[in-house]
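This briefing covers one protein model.

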Amino acid sequence: ALRRNRQRGMADNFLLEVVTPHRLVLSQEVEEMTAPGVEGEFGVLSGHTPFFTTLKVGDLMYRAGKEEGHMAVTWGFVEVLSDRVTILAEAAELAPEIDVERAKRARERAEKRLKQLSPEDKEFYSSMAALERAMNRITVSSRRR
């Protein structure tokens, strides 16, 4: 089927599904995607060799035709099959859905807490994670369609 689609000049698509504990964030046929893996950013095209990996905080990009989308993702798992990618994320927000002002307030709170903490404090690393999530949301929000 892949060869037949290429011969007709059609793009090869796969189903990208992004799910959080609260909702299905995205279920769309796409041509490509890139995601922030724990071992580095990775890209997927239709027909990719199957694999399973972990997701870290970052920008997930997906493209269908000339339309490119972005979402802020937070920790999870990625299953890549030849015709589908399923992402189970702790949190995921499409760029247009991100409340930038809320993300900026979260960044300010985390920065304020970090100024008062040292790496020996048990809240230090949760504050670092909060800062990373807030900064990612701000960055991804700037990539709105």
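## Thr-20 and its surroundings

Leaving aside residues up to four places away in sequence, Thr-20 touches Val-25, Ala-89, Glu-90, Ala-91 and Ala-92. The model is a predicted one. Thr-20 sits in the loop between β1 and β2. With a relative accessible area of 11%, Thr-20 is buried, because the cut-off for buried is under 20%.

**Nonpolar cores**

- The largest nonpolar core has 22 residues, and the members that touch the most others are Leu-16, Met-33, Leu-60, Tyr-62, Met-71, Val-85 and Ile-87.
- Two or more residues of this core come from each of β1 (14-19), β2 (24-30), β3 (32-37), β4 (40-45), β6 (58-64), β7 (67-81) and β8 (84-94).
- The element that gives the most is β8, which supplies five residues.
- Met-33 has contacts with Phe-14, Leu-16, Phe-42, Gly-43, Val-44, Leu-60, Met-61, Tyr-62, Val-85 and Ile-87, when residues up to four places away in sequence are not counted.
- There is also a second, separate core of six residues, and its members include Leu-114, Leu-117, Ala-130 and Leu-131.
- In soluble globular proteins, nonpolar side chains tend to be buried together.

**Salt bridges: Glu-17 with Arg-84**

- The structure holds five salt bridges.
- One of them joins the side chains of Glu-17 and Arg-84, with an N to O distance of 3.2 Å.
- Glu-17 belongs to strand β1 and Arg-84 to strand β8, so this pair ties together parts that lie 67 residues apart in sequence.
- Glu-17 is buried at a relative accessible area of 19%, whereas Arg-84 is partly exposed at 31% relative accessibility.

**Salt bridges: Arg-23 with Glu-97**

- The side chains of Arg-23 and Glu-97 form a salt bridge at 2.6 Å, N to O.
- This pair links distant parts of the chain, 74 residues apart: Arg-23 is in the loop between β1 and β2, and Glu-97 is in the loop between β8 and α2 (100-116).
- Arg-23 is partly exposed, at 35% relative accessibility, and Glu-97 is partly exposed, with a relative accessible area of 38%.

- Another salt bridge, at 2.6 Å from N to O, connects the side chains of Glu-32 and Arg-63.
- Glu-32 lies in strand β3 and Arg-63 in strand β6, and the pair links distant parts of the chain that are 31 residues apart.
- Glu-32 counts as partly exposed at 22% relative accessibility, as does Arg-63 at 23%.
- Glu-31, Glu-32 and Arg-63 are linked in a network of salt bridges.
- Side chains of opposite charge can pair when their charged atoms come close.

**Surface patch**

- Which residues form a nonpolar patch on the surface? The patch consists of Phe-52, Phe-77 and Leu-88, which together have about 330 Å² of accessible area.
- Of these, Leu-88 lies in strand β8 and is partly exposed, with a relative accessible area of 47%.

Note on methods
Residues numbered from 1 in each chain as written. Predicted model: local features only at pLDDT ≥ 70, side-chain atom pairs only at ≥ 80, totals over all residues. Heavy atoms only, no water. Core = buried A, V, L, I, M, F, W, Y, C linked by side-chain atoms within 4.5 Å. Buried < 20%, exposed > 50% of the residue type's maximum accessible area, 1.4 Å probe, protein only. Helix = DSSP H or I, 4+ residues; strand = E, 2+ residues; numbered from the N terminus. Contact = heavy atoms within 4.5 Å. Salt bridge = Lys/Arg side-chain N within 4 Å of Asp/Glu carboxyl O. Patch = residues over 30% accessible without salt bridge, like charges linked within 9 Å, V, L, I, M, F, W, Y side chains within 5 Å. Areas by Shrake-Rupley, 256 points an atom, 1.4 Å probe, with all protein chains shown as cover.
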